[in-house]
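These are my notebook entries on a structure that I had not examined before. I set down what I looked up, entry by entry.

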Amino acid sequence: MMNAIIKITVSVVLLSWASGFRSFPKPSPASGIGSDTIFNFGRPATQADIQRWDIDVRPDGKGLPGGSGTARKGKTIFAQKCAACHGLTGVEGPSDKLVSTDSSQVKAIGNYWPYATTVFDYIRRAMPFNQPGTLTDEEVYSLTAFLLEANQILKPGTELNAQTLPAVQMPALKKYILDDRTGGPIIR
Amino acid sequence: MKPISGENPTLQPIKVSRRKLLGGAAAAALVLVEAPFARAVQVAVTQAELTDPTKIPGVPPGQVGTRSTFEKPVKKPSNISSRTPLQDLFGTITPSDLHFERNHNGVPAIDPAKHELVIHGMVEKPIVLTLADLKRFPSVTRICFLECSGNFRSGSEKLSPQDICGLTSQSEWTGVMLSTIFRQVGVDPKATWFLAEGSDAAVMTRSIPVRKGWDDAMIVYAQNGEAIRPEQGYPFRLFLPGYEGNMSIKWLRRIELSDAPYLTREETSKYTEPLKDGKIRYFSFDIDARSIITFPAYPAQVQKGWIEIRGIAWSGRGKVQGVEISTDAGKSWHPASLNGPILDKAHTGFRYVWQWDGRETELQSRVTDETGYLQPTYQELVTARGSKGGYHFNPITGWILKPDGRVLLSNG
């Protein structure tokens, strides 16, 4: 009698144990989702969706808008909209020095920036710091020309536009080397 | 058998009316008012009862928990960043409100109902996604550290781990794999980079290799079990495990696939390392392995005898393989215990129990990651790079134990 009860109990336990495996199968691609499943959430982007934000500029000039500017115009705009933080000639601060001079080793556009297009891209998206995104493309071309001339990179009087800006050679470019460290025992 | 009295107590509910309870309290108060002599005694009793939590009912359950008023861990803010109090934390998850912050023109206030992410460029089908859309995709949850690559400070022996390298924190992040979305938009096989752009006043941008997008990049909308915090990119951010923090663009609004990098200001003027030969190293994405002892560390005060040396170690290139401790300023090294589970690209806790004889000495920790990289000394880094700091500067940190129990930063 006692034996029978034990046997029944054991088999019930075994049964429920085994069926437990059946009721919780391992998730598998058979459930319909594979690593290549495409969900199609969201909505298609229209040209307008993209254009409202697509303001980036690449070193090859891709993304530069129409319009043009000169350092002469840039100097006036700089005095009005930038000098309060960067100084009248771009070195007096209190914010970042924008012009590199021989006497100072401070990193600035003239001695550290590898591409002139970055000056345009950054000013257009982020400056003036207290009113970002308020400059016209013409103003940004002129400010870029002013800063490149002040850094003695641009010949005085050069007009900057979508063709001339990417052609500007920056002295710092030759210093740039790609980080090729991948771990391992070397300290570099 | 006669039961011993009290052995089998029968429990019976005792009915006490609310009126009776209140009446009792009121009676006690009456005593107070009526007998000035008894009042002094009564006040003393009340004081004792106030400090004995078993003598007064506690605060009822609430909607949001708070820290004990006796615990005051705080971030250390400057104009541009705010540092995690590493020396005040335990384990490896950073409480979300103590996660470090670094932004380039403030934290934007974004209404998720009005926020969109546009994915375009070298793709077959450009799309617009909202927070609600992102939450429909299969979700992935992962514990990872996030560190700003400009995370080294020195210059005083009175610097805490928070001051030295408080721009690293760890969270459990939840979101969607970027590869899932890349498949949907049909990324052009010729695309090698993508630009990620934020919706803050810096309109932050970084170029990221497409292979990272296919590998382990995520768009995350949750942190430690709740919606990601505004300082961390609400409603969602890019998250690139192991990469320098700046690249995990917060408040993400746009991803553009491209066949060339953009060389934005943040990957040229900033986040690059001048080297001793006059070169400038760029696109340093991986966070190099690093460790720091968070106890004992300034401003802790210690006593001689047993001390559990504790800290965290991490690597952007994979798992922590081991951490070693020196209690003699780097002359000899002993393996520390690691607190499992040891996760990929995650802060890993370490411990080493040691008996201090009370004489002045210096404690150090150094980590080896799974690539075999051994955390360098300060001098090794200075010799290799020619700079005494800058981005990706991850030297061994030493703590001097003074005989009076003070702990000071070595070579501070």
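**Entry 1: a glutamate in chain B**

I began with side chains and found that Glu197(B) and Arg253(B) are joined by a polar contact of 2.8 Å between their side chains. I note at the outset that the model is a predicted one. A polar contact also links the side chain of Glu197(B) to that of Arg254(B), at 2.9 Å.

I then looked up where Glu197(B) lies, and found it in strand S8 of chain B, which covers residues 193-198. Is Glu197(B) buried or exposed? Its relative accessibility is 0%, and the cut-off for buried is under 20%, so I recorded Glu197(B) as buried.

Next I listed the residues that Glu197(B) touches, leaving aside those up to four places away in sequence. From chain A they include Trp53(A), Ile55(A) and Arg125(A). From chain B they include Val203(B), Met204(B), Thr205(B), Ile249(B), Trp251(B) and Leu252(B), as well as Arg253(B) and Arg254(B).

**Entry 2: a serine in chain B**

I turned to Ser258(B), which is placed in strand S13 of chain B, residues 252-258. With a relative accessibility of 2%, Ser258(B) counts as buried. Which side chain makes a polar contact with the side chain of Ser258(B)? I found that of Arg58(A), at 2.8 Å. Ser258(B) also touches Met122(B), Ala191(B), Thr192(B) and Trp193(B), again not counting residues up to four places away in sequence.

**Entry 3: the two chains together**

I looked up the contact between the chains as a whole. In chain A, 48 residues are in contact with 60 residues of chain B. The area buried between the two chains is about 4800 Å², and carbon and sulfur atoms give 56% of this area. On the side of chain A, Phe41(A), Trp53(A) and Ile187(A) lose the most area to chain B, together 16% of what that side buries. I recalled Trp53(A) from the first entry, where it is among the residues touched by Glu197(B).

**Entry 4: two helices of chain A**

Finally, I examined helix H3 (residues 71-81) and helix H7 (residues 137-150), both of chain A. Their axes are 7 Å apart and the packing angle is about 100°. An angle of 65 to 115 degrees counts as roughly perpendicular, and H3(A) and H7(A) are therefore roughly perpendicular to each other.

I noted that the residues making this contact include Ile77(A) and Phe78(A) of H3(A), and Leu143(A) and Phe146(A) of H7(A). By kind, the residues of the contact divide into seven nonpolar, two polar and five charged.

Technical notes: Residues numbered from 1 in each chain as written. Chains lettered and ligands numbered in written order. Predicted model: local features only at pLDDT ≥ 70, side-chain atom pairs only at ≥ 80, totals over all residues. Heavy atoms only, no water. Axes fitted to C-alpha atoms, helices over the stretch in contact; angles between N-to-C directions. Helix = DSSP H or I, 4+ residues; strand = E, 2+ residues; numbered from the N terminus. Parallel < 35°, antiparallel > 145°, perpendicular 65-115°, else oblique. Contact = heavy atoms within 4.5 Å. Nonpolar A, V, L, I, M, F, W, Y, C, P; charged D, E, K, R; others polar. Buried < 20%, exposed > 50% of the residue type's maximum accessible area, 1.4 Å probe, protein only. Polar contact = N/O pair within 3.5 Å; in protein donor to acceptor, adjacent residues only side chain to side chain. Buried area = accessible area lost by both parts, 1.4 Å probe.
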